[in-house]
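Open the structure in your viewer and keep the sequence panel beside it. The tour below goes from one selection to the next.

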Amino acid sequence: MADVKPIPEGYPRISPYLVVDDANAAIGFYTEVLGARERMRMGGRPGDPPDKVGHAELELGDSLIMLADEFPEVGAVSPRTVGGTPVSISAYVEDVDAVWAKALAAGATAVREPENQFYGDRLGQFEDPWGHRWSIATHVEDVSPDEMAKRAAAAGQE
């Protein structure tokens, strides 16, 4: 038996797995808005509609997003089905304002307008059309730990 790596090549240790209602549309949204690249897509189980997605993988830089359509019979339901999500997915992007505009134009809902943060990032947050929250940021300034502590105190963030 050949040696098998416990963490396969091309897979980060942690990948969000998103359950959505209409995975095909979500894949389109994530590729258009975030610049993700579809790596693979598998259909559902026998008897499922032909366009149902049982599993898909999207590359976003050195990260991986896995997703599938809802399968309520095995507990795989979307945030919309359960009434929201306590989780936010964070992604660094080249231009937070451009991605923000694309997201809203593609049907996302504004949660937090992009603005410069005391720690050196310009950050905004939106909810995608399937109920997943995304914090997107562009690093705009290197801030020393001392300066960050001063800015945090001034902003009431201690």
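Begin by selecting Trp 130, which sits in the loop between β7 (121-127) and β8 (133-139). The model is a predicted one. Is Trp 130 buried or exposed? Trp 130 has a relative accessible area of 9%, and because the cut-off for buried is under 20%, Trp 130 counts as buried.

Now show what surrounds this side chain. Leaving out residues up to four places away in sequence, Trp 130 touches Val 20, Asp 21, Asp 22, Ala 25, Ala 26, Phe 29, Tyr 30, Ser 78, Pro 79 and Arg 80. For a distance check, pick the C-alpha atoms of Trp 130 and Leu 18: they are 9.4 Å apart, while 112 residues separate the two along the chain.

Next, select Asp 22, one of the residues that Trp 130 touches. Asp 22 belongs to the loop between β1 (17-20) and α1. Its phi is positive, about 100°, although Asp 22 is not a glycine. With a relative accessibility of 37%, Asp 22 is partly exposed.

Move on to helix α1, residues 23-34. How far apart are the end C-alpha atoms of α1? They are 15 Å apart, which agrees with the 16 Å that twelve residues should span at 1.5 Å a residue. Colour the buried residues of α1: Ala 23, Ala 26, Ile 27, Phe 29, Tyr 30, Val 33 and Leu 34. Looking down the axis of α1, you will find these buried residues within an arc of 160°, so they line one face of the helix. An α-helix has 3.6 residues a turn, so residues three or four places apart point the same way. Among the buried residues of α1, Ala 26, Phe 29 and Tyr 30 are also touched by Trp 130. After α1 comes Gly 35, with a positive phi near 80°.

Select helix α3, residues 96-105, next. Which residues of α3 are buried? They are Val 96, Val 99, Trp 100 and Ala 103. Seen down the axis of α3, the buried residues fall within an arc of 105°, so they line one face of the helix.

The next selection is Arg 39, in strand β2 (residues 37-43). Its relative accessibility is 26%, so Arg 39 counts as partly exposed. Show its contacts: not counting residues up to four places away in sequence, Arg 39 touches Gly 10, Tyr 11, Glu 57, Leu 58, Glu 59 and Leu 64. Then pick Asp 95, 56 residues from Arg 39 along the chain; the two C-alpha atoms are separated by 23 Å.

Finally, zoom out to the whole protein. There are four helices and eight strands, and along the sequence they follow the pattern β-α-β-β-β-α-β-α-β-β-β-α. The C-alpha trace spans about 60 × 45 × 25 Å along its principal axes. Of the 158 residues, 35% count as buried. Among contacts with a separation of 6 or more, 52% are between residues 24 or more positions apart. The accessible surface comes to about 9400 Å², and 53% of that surface belongs to carbon and sulfur atoms.

Methods: Residues numbered from 1 in each chain as written. Predicted model: local features only at pLDDT ≥ 70, side-chain atom pairs only at ≥ 80, totals over all residues. Heavy atoms only, no water. Helix = DSSP H or I, 4+ residues; strand = E, 2+ residues; numbered from the N terminus. Expected span 1.5 Å × (residues − 1). Buried < 20%, exposed > 50% of the residue type's maximum accessible area, 1.4 Å probe, protein only. Arc of directions from axis to C-beta. Contact = heavy atoms within 4.5 Å. Areas by Shrake-Rupley, 256 points an atom, 1.4 Å probe, with all protein chains shown as cover.
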